[in-house]
There are 2 protein chains.
Amino acid sequence: MAILAFLGPHGTHSEEAAAYINDFCKQDWSLQPYRGIHEAIYAVHNGDADYCFVPIENSIEGSVRITLDTLMDDIDLKINMELIWQVHNQLLLKKGTTAIKKIISHPQALAQCRKYIQKNYSQAEIIEVVSTAHAAKMVADGLPDAAAIASKRSGQIYNLQTADAEIQDISDNVTRFILLGKKQEILHKEKPVKTLLICQIDGSKAGSLCGVLNDFANSDINMTRIESRPARTGLGNYVFFIEIETANVSEEQLRKTLQIVQEKCLWLKNMGYFPIIK
Amino acid sequence: MAILAFLGPHGTHSEEAAAYINDFCKQDWSLQPYRGIHEAIYAVHNGDADYCFVPIENSIEGSVRITLDTLMDDIDLKINMELIWQVHNQLLLKKGTTAIKKIISHPQALAQCRKYIQKNYSQAEIIEVVSTAHAAKMVADGLPDAAAIASKRSGQIYNLQTADAEIQDISDNVTRFILLGKKQEILHKEKPVKTLLICQIDGSKAGSLCGVLNDFANSDINMTRIESRPARTGLGNYVFFIEIETANVSEEQLRKTLQIVQEKCLWLKNMGYFPIIK
C-alpha cells in the first residue's frame with residue numbers, strides 16, 4: 001500500500017484534506033503523519049513515503065514558507081495535483097476552563113486569526129506549536145488557562161468544547177495543498193492546467209526579472225502568481241516561485257519558452273504540470 | 001522630546017538598532033517600547049509617537065509579514081530612512097539549567113535558527129512569543145527546562161548564561177529596519193536613494209504585473225525587490241511591494257512613471273524616498 005505523508009498528528013487540517021484527496025483519487029493510500037512539513041517532504045525524497053500532501057499557500061496569511069524553502073532544496077520531486085481547501089478554525093477549550101490566558105496553535109492558524117485574537121484576547125500569551133492538532137492535544141492534556149485554535153475534527157478527537165467557531169479573520173479562508181511524488185503521474189482524469197517553476201535570477205542585472213516575465217508574456221503564457229524568498233546567499237538575492245497557466249500551451253511552445261527563460265536564470269527547476277481540484 | 005516607538009520590551013534587537021539610529025541621526029528621541037510591530041506603527045498613525053522603527057526584512061527569513069500587512073492598511077506614513085543591521089542570535093539559559101526541552105523566541109528569530117534547532121534540539125517544544133527580549137525574560141523568570149534565542153543585550157539585562165553564540169543558520173544575518181514618520185523628512189545628510197511602492201494590480205488581466213515592471217524598465221528605473229502579500233480579498237489577489245532605485249532618477253521622470261504605473265493599478269501608495277544607512 002502506497003504511503004501518503006502529511007503534517008500530523010491526527011486531526012490536522014492537512015489530514016482532513018489528505019483524506020479527501022485519497023477518496024477523490026479513488027486511492028487506498030496509507031496516511032502517515034509526520035512531525036513537520038519539512039519532514040513530510042523529505043520522507044518522499046528519502047523513499048520512506050510515496051507521496052506527501054503539504055500546504056503551499058493560504059488566502060489570508062500567504063505562502064507557507066517552510067514548504068517553499070524546502071522545495072528550494074536540492075530535491076527532485078514533482079507536483080501531481082493541487083487542492084483548494086476551505087479552512088475552518090475553531091477556538092477549543094477543555095471542559096471547565098474559565099479563563100483564557102494562553103492561545104496555542106500552529107503559526108499559520110494564529111496568523112489567520114490575528115485580528116480575532118487582538119480584539120478578544122489581546123493580553124493572552126501566544127504559544128506556537130508544530131500543528132493545530134498538537135495544540136488541541138496540549139489543551140486536552142491539561143495545559144492550564146489555554147485555548148487551542150484547531151479544526152472541528154481535532155475538537156472531536158480530543159473531546160474539547162468549541163468556545164467560538166469560524167474565528168478566521170476573513171470567512172473566505174482557503175488553503176492550497178500540493179501532492180508531491182517522485183515522478184510526474186496522472187492520478188486523476190482532470191487535465192493538468194498549471195506549472196510551478198522555481199528559479200534564481202541574477203538580481204544584480206537591472207531588469208532581469210522583467211526579462212523573464214516578458215518571455216512568458218511574449219509566448220502568451222499567463223503568470224498567475226509570483227513569490228520571492230531569500231536565496232540565503234546574502235541580502236538582495238532572491239529565489240522566485242512563478243506559477244503559470246499551461247492549459248492552453250502546447251508542450252513544444254512551453255519547452256521553447258522555458259529554454260529561453262533558463263538562459264536568464266542562475267538555475268531553474270520545473271516542479272511539473274498538474275490539475276487543480278476545488 | 002520626540003518619541004520613537006520600537007518593538008519592546010527592553011533588550012530586543014529592535015531596541016539595539018533604534019538606539020544606534022538615534023545616535024547616528026544625532027537625535028535625542030525618547031525610545032518607547034511597544035508590545036508589537038502593529039502597535040508601534042499605529043502609535044505613529046494615532047499621534048502617540050512621532051516615529052517608529054520597525055524591521056521589514058531579514059536576509060534569512062525574508063519579509064516581516066506583520067510590517068508589510070500593517071503598511072497595506074489605510075494609514076498614511078512615510079519612510080524616512082532604512083538601516084541595514086547585523087543580527088546576532090544567542091541561546092540563553094538561566095544559571096543551573098541542565099536540560100533544554102523548550103526553545104522560546106520571536107518567530108523570526110526561531111526561523112533564522114531553524115537548522116540549528118533541527119540539528120541540536122529536534123525534540124524541543126518551540127514556543128513563540130512577541131519578542132526575543134520577552135523570551136529572555138520568561139527564561140529569567142523561571143520557565144523550566146527552557147532556553148531563549150535572543151540578543152546579547154537581553155542576556156546581560158536578564159542575567160542569563162550564553163549556552164551557544166551566533167546560532168543563526170547563516171553568519172550573514174542582516175535585518176533591514178525602516179524609520180516611519182507622519183511626513184517625509186530629512187533626518188540625516190545621506191541622500192535618498194530608494195522608494196517603496198505598495199500597489200494592487202488587477203491579477204485577472206494577463207501580463208498586468210509585467211506591464212508595470214516594463215514601465216519602470218522603460219524609464220531606466222531599476223527594481224531591487226518585489227514581494228507579494230495576499231490582498232485578503234480572496235485567493236489569487238495580491239498586493240505588491242516594489243522597491244526601486246531612485247538615486248539617479250529626476251523627480252519629474254519619477255512623477256511621470258508613477259502616473260503611468262498608477263493607471264495600471266487598482267491603487268498605489270508611495271511610501272517615500274529614503275537613504276540607506278549601513
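Predicted model: local features only at pLDDT ≥ 70, side-chain atom pairs only at ≥ 80, totals over all residues.
**Where chain B meets chain A**

- On the chain B side, 53 residues are in contact with 53 residues of chain A.
- Together, chain B and chain A bury about 4200 Å² between them, and 46% of that area is on carbon and sulfur atoms.
- Polar contacts between chain B and chain A come to 17 residue pairs, with both residues at pLDDT 80 or more.
- Strand 13 of chain B (residues 223-230) gives the largest share of the side that touches chain A, with eight residues.
- By type, the residues on that side of chain B are 23 nonpolar, 14 polar and 16 charged.
- The rule finds two salt bridges across this interface.
- A:R114 and B:D69 form a salt bridge between the chains, and their closest N and O atoms are 3.2 Å apart.

**Salt bridges within the chains**

- Over all chains, the count comes to 28 salt bridges.
- In chain A, the side chains of A:D69 and A:R229 meet in a salt bridge, at 2.8 Å from N to O.
- A:D69 belongs to helix 3 (residues 65-71) of chain A and A:R229 to strand 13 (residues 223-230) of chain A, so this pair ties together parts that are 160 residues apart in sequence.
- A:D69 has a relative accessible area of 7%, under the 20% cut-off, and therefore counts as buried.
- A:R229 is buried too, because its relative accessibility is 2%.
- Back in chain B, the opening pair also links distant parts of the chain: B:E82 is in strand 5 (residues 78-86) and B:K194 in strand 12 (residues 194-201), 112 residues apart.
- B:K101 and B:D145 form another salt bridge, with 3.9 Å between the closest N and O atoms.
- This pair joins two loops of chain B that are 44 residues apart: B:K101 is in the one between strand 6 (90-93) and strand 7 (102-105), and B:D145 in the one between helix 6 (132-140) and strand 9 (146-150).
- B:K101 counts as exposed because its relative accessibility is 52%, while B:D145 is partly exposed, with a relative accessible area of 30%.
- In chain A, salt bridges that share partners join A:E57, A:E82, A:R176, A:K194, A:R225, A:E227 and A:E243 into one network.

**Nonpolar cores**

- In soluble globular proteins, nonpolar side chains tend to be buried together.
- The largest nonpolar core here has 42 residues, and A:I242 and B:I242 are those with the most contacts inside it.
- Leaving aside neighbours within four places in sequence, A:I242 is in contact with a set of residues including A:L196, A:L197, A:V212, A:F216, A:M223 and A:I226.
- A:R225 is also in contact with A:I242, and A:R225 belongs to the salt-bridge network of chain A.
- A second, separate core has 28 residues, among them B:A40, B:I41, B:I198 and B:F274.

Technical notes. Residues numbered from 1 in each chain as written. Chains lettered and ligands numbered in written order. Heavy atoms only, no water. Contact = heavy atoms within 4.5 Å. Buried area = accessible area lost by both parts, 1.4 Å probe. Salt bridge = Lys/Arg side-chain N within 4 Å of Asp/Glu carboxyl O. Polar contact = N/O pair within 3.5 Å; in protein donor to acceptor, adjacent residues only side chain to side chain. Helix = DSSP H or I, 4+ residues; strand = E, 2+ residues; numbered from the N terminus. Nonpolar A, V, L, I, M, F, W, Y, C, P; charged D, E, K, R; others polar. Buried < 20%, exposed > 50% of the residue type's maximum accessible area, 1.4 Å probe, protein only. Core = buried A, V, L, I, M, F, W, Y, C linked by side-chain atoms within 4.5 Å.
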